[in-house]
Amino acid sequence: MGEKSMSSQKDAVKSSRSGALCALAVPATLVAVFMVFAPVRLVAQAPPVAAVPAAPPAPAPAPVPRGDLEITVVAPDGKKFLKFQDCRVIIRDQVVDFGDSSAPRTVSGVPAVPDESVAVTADARVAQGAGKPALRFVGVAEASPEAGKSVKVTVSLKRADDINAFCVTCHPGRGQRVRPGQIKRDTHPSGQVLEGRYRQQVRIYNEKVERLIKEGKPHGEPIAVEERLVKVGAKEVKKEFYTCESCHTLHAKTPNPKYMRAPYLETSDLCTGCHF
Ligand code: HEC
Ligand code: HEC
Ligand code: HEC
């Protein structure tokens, strides 16, 4: 990022920052640079307070129409998968455990909003020989549920040892080609080795999440890191990478926008999960 664009972004941030954001616990520089993510939306979050005349009580909102999805998960070659393990499929706030079965499953009650699609995400492992880590396969299909109907969806799994590379096929970043209909990703670095104090910070954050879960208190999702073998000289060394999945779930709904694992606007829980 050039010096010039950096300072103009900071200016834009200064003029748009709301009171709530000033309360962020991350260093101001982080917040300032980060706000390139969403300056417009932040302005929109603080509309002027207008005097509203007393209105009759609003009618109860119409219930959201819902439909079913009949989901089939297939192997990269299009055939039924015979040997996957722990396959789960995520549809917004529903997680369906396919286990090692390739039979289609029907998921009911998926919101059917006209012109809105939903990402159906499968995450599976395939065992290797003894002592070898399982391979990871992930697939995403876009579905359009229809009210009161059952819609068929096929999710094709792909090798995803590098989840970052997998996600950017649909969410290109800066300088990458965007195909029609694709949602571009944010500007935070991703897919790099996590070193030193960052790792310690993630450990502290994840321990806290674990404790809150045990105590039955509100909590964010753990920050996921990806273990990969990296060649260092002649040796292969295990390293932890932070990826898209460190900050986002696999399209699983959370209380936060954009499938974010923890709050990041009003409080900076997610950011301080790594930044110290
Ligand atoms: C096959 C294409 C595809 C792949 C691969 C894919 N996504 Fe998506 N993603 C979508 C679609 C379609 C939507 C919009 C529908 C929805 O939100 O359910 C979406 C929405 C999102 C959003 C919310 C965007 C918004 O503005 O609300 C985030 C964040 C996201 N994806 C992250 C990821 C991450 C992280 C990965 C990798 C694990 C990933 N996606 C892989 C297709 C994909
Ligand atoms: C360090 C945390 C972090 C990492 C790593 C990260 N993101 Fe994000 N991402 C965010 C935040 C925060 C936002 C929300 C910005 C906002 O509020 O508009 C976001 C927004 C998005 C959006 C929605 C953009 C929009 O305009 O609506 C997509 C899609 C997305 N990220 C995909 C990805 C993908 C793909 C990767 C990996 C290549 C990735 N992200 C890595 C933090 C992260
Ligand atoms: C999973 C760990 C992780 C999380 C969570 C995280 N960051 Fe980062 N962030 C990093 C790492 C590591 C770097 C350093 C990247 C480098 O220098 O190569 C970084 C760099 C940055 C930078 C400098 C950007 C650049 O282009 O060099 C900013 C700004 C930033 N983070 C803001 C945030 C904000 C705001 C959040 C919360 C929404 C956040 N980060 C969440 C790990 C994380």
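Predicted model: local features only at pLDDT ≥ 70, side-chain atom pairs only at ≥ 80, totals over all residues.
In what order do the strands of the open sheet with mixed pairing stand? Residues are numbered from 1 along each chain as its sequence is written, while chains are lettered from A and ligands numbered from 1 in the order in which they are written.

**View 1. The open sheet with mixed pairing has the strand order S4-S1-S7.** It consists of 3 strands; strands (E, at least two residues) and helices (H or I, at least four) are DSSP runs, numbered from the N terminus. Two strands pair if DSSP finds at least two bridges between them. Strand S4 (105-111) and strand S7 (150-156) each have a single partner strand, so one side of each is left without a neighbour in the sheet. From one strand to the next, the twist averages 35 degrees (axes are lines fitted to C-alpha atoms, and angles run from 0 to 180 degrees between N-to-C directions). Strand S1 (residues 66-74) runs parallel to S7, joined by 7 bridges. Glu 70 has Lys 152 in S7 as its bridge partner.

**View 2. Arg 105 lies in strand S4.** Beyond its neighbours within four places in sequence, Arg 105 contacts Ile 71, Val 96 and Phe 98 (contact means C-beta atoms within 7 Å). Its C-alpha atom is separated by 8.2 Å from that of Leu 69, 36 residues apart along the chain.

**View 3. Ligand 1 is surrounded by 19 residues.** The closest are Ala 119, Val 140, Cys 167, Cys 170 and Cys 244; a residue is near a molecule if its C-beta atom lies within 6 Å of it. Helix H5 gives the most to this shell, with 3 residues. Domain 2 (66-161) and domain 3 (192-273) both contribute residues to the shell, so ligand 1 lies between them; the domain bounds come from an automatic or database domain assignment.

**View 4. An open antiparallel sheet has the strand order S9-S11-S10.** Strand S9 (192-193) and strand S10 (225-232) are the edge strands, each pairing on one side only. S10 and strand S11 (residues 235-242) run antiparallel and are joined by 8 bridges. Val 225 stands opposite Tyr 242 in S11.

Terms used:
Contact = placed C-beta atoms within 7 Å.
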